[in-house]
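Subject: Structure handover

Hello,

Here is the structure I said I would pass on. Please open it and keep it in view while you read the notes.

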Amino acid sequence: MKRLLLNCFALVAGALLVLPTLSFAQDYIPVPTPRPTATEQLGDLLKAKPLSVLPQKERACRSRLRKMGVRFKAVERIHGKGKCGIKYPLEIAGLPGGVKLSGRTVLNCRAGEALAEWTVKTAAPAAQKRFKSKLIRIDQYASYDCRTRNSQPGAKISQHSLGNAIDLGRFHMANGTIVDVASRPLPGMPKRRFMKTLRDAACTYFTTVLGPGSDVHHKDHFHFDIASRRNGYRYCK
Ligand SMILES: [Zn+2]
């Protein structure tokens, strides 16, 4: 009897842990491309730091996100292997203007802010301009992920390991237009111009911008990160 009771308790506790993430996950549409490999690396929604213990800088950043209309939740601090991890991670469920992000997107606040600003000021207006339609969804291929650069053994730590980076692969418009970063539209075509605008402008909000043509690892997505370098140097290739 005691054992039965214990089992019931475990079931109820398990359901309570899973439930809050289910409703959140319903918005997500699966992406058939590489995703962060270890979901268990991502923080636990239930144990996020209360607002009162956050540094002022972090609170200010979150309040800017809210003002911009970003949908996000704080998750538990991520302690990864070695230098991997995020002190105050956020799970970003939606970008300003109702733009959805596919997949589970975990970033630090500053990276989330850069992404939100780029969406509002560049990606959404570019969709209107090129396709006379609303940008409704972006497929992200990786956010937090504890690994080396380009997953190469012995390479430096990737900015993905710090929650500083995001990989974006496809853009969906309300009229059904899909722009896939892996595609190669002809020069002058709206899709080509759209991709160029997105990539060029990203260098204003992020400090690293890579994509098709940068190297073999970025042929199907844009990589944006906010790595800080000496003298504010930016690497946009
Ligand atoms: Zn990347």
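Overall picture

Please keep in mind that this is a predicted model. The mean pLDDT of the chain is 85, and 79% of its residues reach 70 or more. One stretch should be read with that in mind: over residues 11–40 the pLDDT stays under 50, and the model has 27 contacts for this stretch beyond four places in sequence.

The chain has 237 residues, and 35% of them count as buried. Its secondary structure comes to 4 helices and 11 strands. Among contacts with a separation of 6 or more, 64% are between residues 24 or more positions apart.

Helix H3 and its two partners

Helix H3 covers residues 109–131, and helix H2 covers residues 56–68. These two helices pack at an angle of about 25°, with their axes 10 Å apart. Angles under 35 degrees count as roughly parallel, so H2 and H3 are roughly parallel to each other. The crossing of H2 past H3 is left-handed.

Which residues of H2 and H3 meet? From H2 they are Glu-58, Cys-61, Arg-62, Arg-64, Leu-65 and Met-68, and from H3 they are Cys-109, Arg-110, Gly-112, Glu-113, Ala-116 and Val-120. Sorted by class, this contact has 6 nonpolar, 1 polar and 5 charged residues.

H3 also packs with helix H4, which covers residues 190–205. Here the angle is about 160° and the axes are 10 Å apart. Angles over 145 degrees count as roughly antiparallel, so H3 and H4 are roughly antiparallel to each other. H3 passes H4 in a right-handed crossing. On the H3 side the contact is made by Ala-114, Glu-117, Trp-118, Thr-122, Ala-123, Ala-126, Arg-130 and Phe-131. On the H4 side the residues are Pro-190, Arg-193, Phe-194, Thr-197, Leu-198, Ala-201, Ala-202 and Tyr-205. By class, the contact of H3 with H4 has 11 nonpolar, 2 polar and 3 charged residues.

Ala-114 lies in helix H3. Is Ala-114 buried or exposed? A residue counts as buried if 20 or more other C-beta atoms lie within 10 Å of its own. Ala-114 has 21 other C-beta atoms within 10 Å, so Ala-114 is buried. Leaving aside residues up to four places away in sequence, Ala-114 touches Tyr-205, Phe-206 and Ile-226. Ala-114 and Phe-224 are 110 residues apart along the chain, yet their C-alpha atoms are separated by 9.3 Å.

Most residues other than glycine have a negative phi. Asn-150 has a positive phi, near 55°, and phi of Ser-151 is also positive, near 55°. Where does Asn-150 lie? Asn-150 is in the loop between strand E6 (135–142) and strand E7 (165–173). Ser-151 has its place in the loop between E6 and E7 as well.

With 14 other C-beta atoms within 10 Å, Asn-150 is partly exposed. Ser-151 has 13 other C-beta atoms within 10 Å and is partly exposed too.

To look through the model, you could begin with H3, which packs with H2 and with H4, and then go on to the loop that holds Asn-150.

Regards

Note on methods: Residues numbered from 1 in each chain as written. Predicted model: local features only at pLDDT ≥ 70, side-chain atom pairs only at ≥ 80, totals over all residues. Buried ≥ 20, exposed ≤ 12 C-beta atoms within 10 Å, placed from the backbone. Contact = placed C-beta atoms within 7 Å. Axes fitted to C-alpha atoms, helices over the stretch in contact; angles between N-to-C directions. Parallel < 35°, antiparallel > 145°, perpendicular 65-115°, else oblique. Left-handed = near helix turned anticlockwise from the far one by under 90°. Nonpolar A, V, L, I, M, F, W, Y, C, P; charged D, E, K, R; others polar. pLDDT = per-residue confidence, 0-100.
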